[in-house]
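Hi,

Here is the structure I promised to pass on.

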Amino acid sequence: MSKSDPAVTVQFHHQRIPIEAGESVLEALLRAHHAVPNSCRAGLCQSCLLQSDESWLQQSDSVRLASQQGLSEQQVRAHQFLSCCCFPDTDIKAEFPDPNTGWLAEVVGRQLLSPRVLELRLNVSGKWKPGQHVLLWKNQRTARLYSIASHRERDGVLVLHIARHAEGEVSRWIHDQLQIGDQLRLSPANGHCVYEAEDASKPLLLVAIGTGLAAVLGVLKEALAQNHQGPISVYFAAAHPDEVYLCEELQQLAQQHSNLQVCVVSGATEQSSDAQQTEVLAFGDLLDAVRLNQKSLRGNRVYLCGAASAVAALQKLCFFAGAGRLDIITEAFP
Ligand SMILES: Cc1cc2nc3c(=O)[nH]c(=O)nc-3n(C[C@H](O)[C@H](O)[C@H](O)COP(=O)(O)OP(=O)(O)OC[C@H]3O[C@@H](n4cnc5c(N)ncnc54)[C@H](O)[C@@H]3O)c2cc1C
Ligand code: FES
């Protein structure tokens with residue numbers, strides 16, 4: 001990532017702010033007391049998303065690549081970028097993206113899957129693939145990414161699994177305030193965490209940590225619907241019993257499909273009722289469980305979804321167990 005020239009400025013809300021050496025656009029705006037939403041500051045969560053204009057094309061390829069990683073084609077065409085990863089090499093104009101350009105969604109269902117995880121069902125007219133994610137806007141300024149657990153034709157609605165964070169701005173709002181009939185804005189679906197039909201005979205390894213299960217379930221159900229022939233191993237880990245959910249559904253799928261094995265790894269000191277029918281190990285044993293049971297991952301397609309720290313450790317493990325770098329697909333939450 002290149003460091004910014006000290007002479008470079010960012011124009012935001014009619015104010016021209018110098019970007020100091022080594023500062024990102026986000027850091028310069030925060031220093032100038034602009035309330036730009038941010039969370040991971042590592043290009044993962046997209047909460048610092050801003051939009052430029054045609055002048056964006058004057059930035060070098062490396063600047064544009066570094067700050068548009070993981071964005072959809074539509075976002076790239078609209079000159080949107082992640083301000084935490086943007087170290088411009090020439091003056092830049094920036095503003096908040098217009099949330100009104102995305103999809104309009106209506107809440108048509110909500111139910112707790114566990115004390116901490118809410119299933120949100122949304123009516124949306126856009127197209128998506130199970131396992132992709134959408135940016136869900138709380139208001140004009142604040143949005144978070146959530147993975148899609150459902151299939152457009154099979155399920156009819158877009159299904160999200162949302163974990164409630166005690167101090168979390170958006171997840172608390174969704175859990176505590178969003179009601180059936182409410183309307184909200186989503187970005188169009190994006191992301192590469194999807195089942196590929198050409199993988200039909202490959203072994204699949206799917207690992208979900210917490211609500212990483214939304215994406216994993218999306219990919220898993222799509223693989224089963226497309227009659228996947230290779231063996232499928234699913235690991236579901238949760239740090240807390242309140243985050244253990246849908247274990248019964250996973251076990252039922254395993255009973256119906258002889259090529260599917262499910263292992264739930266939970267830090268539950270007291271098991272949640274949902275976890276009672278499953279093999280439950282300590283949370284810290286996730287890596288050991290994968291290491292022991294998946295000795296060689298050569299030729300596997302691997303999906304790792306959930307907390308970034310766990311995903312990073314698993315990614316390393318899977319790579320050293322023989323999985324190709326391009327065969328490891330990750331959805332890392334900040
Ligand atoms: C690709 C992708 C897919 C995702 N999919 C899902 C999904 O399917 N389901 C899901 O539940 N999440 C998912 N996430 C995570 C989600 O986008 C949000 O990060 C999450 O819901 C938290 O947002 P929030 O606004 O509630 O919390 P934030 O307000 O962003 O806070 C994040 C965390 O920081 C803590 N925190 C907040 N303020 C402070 C403070 N001042 N001091 C200390 N700690 C603080 C909060 O307790 C919380 O734990 C995904 C993320 C990515 C990148
Ligand atoms: S704060 Fe920039 S992507 Fe998370």
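**What I found**

Let's start with helix 8, which spans residues 286-293 and has three buried residues: Leu 286, Ala 289 and Val 290. Why do they sit on the same side of helix 8? Because they cover an arc of only 95° around the axis. One thing to keep in mind as you read on: this is a predicted model.

**The cores**

Next, the inside of the protein. The largest nonpolar core has 32 residues, and those with the most contacts inside it are Leu 206, Leu 213, Leu 220, Ile 232, Val 234, Phe 236 and Leu 260. Several elements give two or more residues to this core: strand 12 (204-209), helix 6 (213-225), strand 13 (232-238), helix 7 (247-256), strand 14 (260-266) and strand 16 (301-307). Which of them gives the largest share? That is helix 6, with eight residues.

Leaving aside residues up to four places away in sequence, Leu 260 touches Leu 220, Leu 224, Ile 232, Val 234, Leu 253 and Ala 254. There is also a second, separate core, made of 27 residues, and among them are Ile 19, Leu 49, Cys 85 and Leu 135.

**Around the ligand**

Now turn to ligand 1. It has 23 residues around it, and the ones that come nearest are Arg 144, Leu 145, Tyr 146, His 161 and Ser 171. Here are the atom pairs to look for:

- A polar side-chain atom of Arg 144 is 2.7 Å from an oxygen atom of ligand 1.
- A polar backbone atom of Ser 147 is 3.1 Å from an oxygen atom of ligand 1.
- A backbone N or O atom of His 161 is 2.8 Å from a nitrogen atom of ligand 1.

How much of ligand 1 does the protein bury? On its own, ligand 1 exposes 960 Å², and the protein buries 71% of that.

You'll find His 161 in strand 10 (residues 158-163). Is His 161 buried or exposed? Its relative accessibility is 4%, so His 161 counts as buried. The side chain of His 161 also makes a polar contact of 3.0 Å with the side chain of Tyr 245. Not counting residues up to four places away in sequence, the residues that His 161 touches include Leu 113, Glu 119, Ser 147, Thr 211, Leu 213 and Leu 246.

Ser 171, one of the residues that come nearest to ligand 1, belongs to helix 5 (residues 169-176). The buried residues there are Val 170, Ser 171, Trp 173, Ile 174 and His 175. What covers them includes strand 6 (103-112), strand 7 (117-123), strand 8 (133-137), strand 9 (143-147), strand 10 and strand 11 (183-186).

Glu 119 is in strand 7 and counts as buried, at 10% relative accessibility. Besides His 161, Glu 119 touches Gly 109, Arg 110, Gln 111, Leu 113, Val 159 and Leu 160, again not counting residues up to four places away in sequence. Glu 119 and Gly 109 are 10 residues apart along the chain, and their C-alpha atoms are separated by 7.9 Å. The side chains of Glu 119 and Arg 121 are joined by a polar contact of 3.3 Å.

Glu 153 sits in helix 4 (residues 152-155) and is exposed, with a relative accessible area of 56%. A polar contact of 2.9 Å joins its side chain to that of Arg 152. Between the C-alpha atoms of Glu 153 and Trp 128 there are 9.9 Å, and the two residues are 25 places apart along the chain.

His 79 is not a glycine, yet has a positive phi of about 60°. His 79 is in the loop between helix 3 (73-77) and strand 4 (80-82). Asn 227 also has a positive phi, near 60°, and lies in the loop between helix 6 and strand 13. As for accessibility, His 79 is buried, with a relative accessible area of 10%, whereas Asn 227 is exposed, at 52%.

Happy exploring!

Key
Residues are numbered from 1 along each chain as its sequence is written. Chains are lettered from A and ligands numbered from 1 in the order in which they are written. This is a predicted model: local features need pLDDT of at least 70, side-chain atom pairs count only at pLDDT 80 or more; totals for chains, interfaces and linings use all residues. Side-chain values use heavy atoms; hydrogens and water are left out. A nonpolar core is a set of buried Ala, Val, Leu, Ile, Met, Phe, Trp, Tyr and Cys residues joined through side-chain atoms within 4.5 Å. Buried means under 20% relative accessible area, exposed over 50%, partly exposed in between (1.4 Å probe, protein chains only). Helices (H or I, at least four residues) and strands (E, at least two) are DSSP runs, numbered from the N terminus. Contact means heavy atoms within 4.5 Å. A residue is near a molecule or strand if one of its heavy atoms lies within 4 Å of it. A polar contact is a pair of N or O atoms within 3.5 Å; within protein, one must be able to donate a hydrogen and the other to accept it, and residues adjacent in sequence count only if both atoms are side-chain atoms. Accessible areas come from the Shrake-Rupley method with a 1.4 Å probe; for residues, only the protein chains shown count as cover. The arc is that of the directions from the helix axis to the C-beta atoms.
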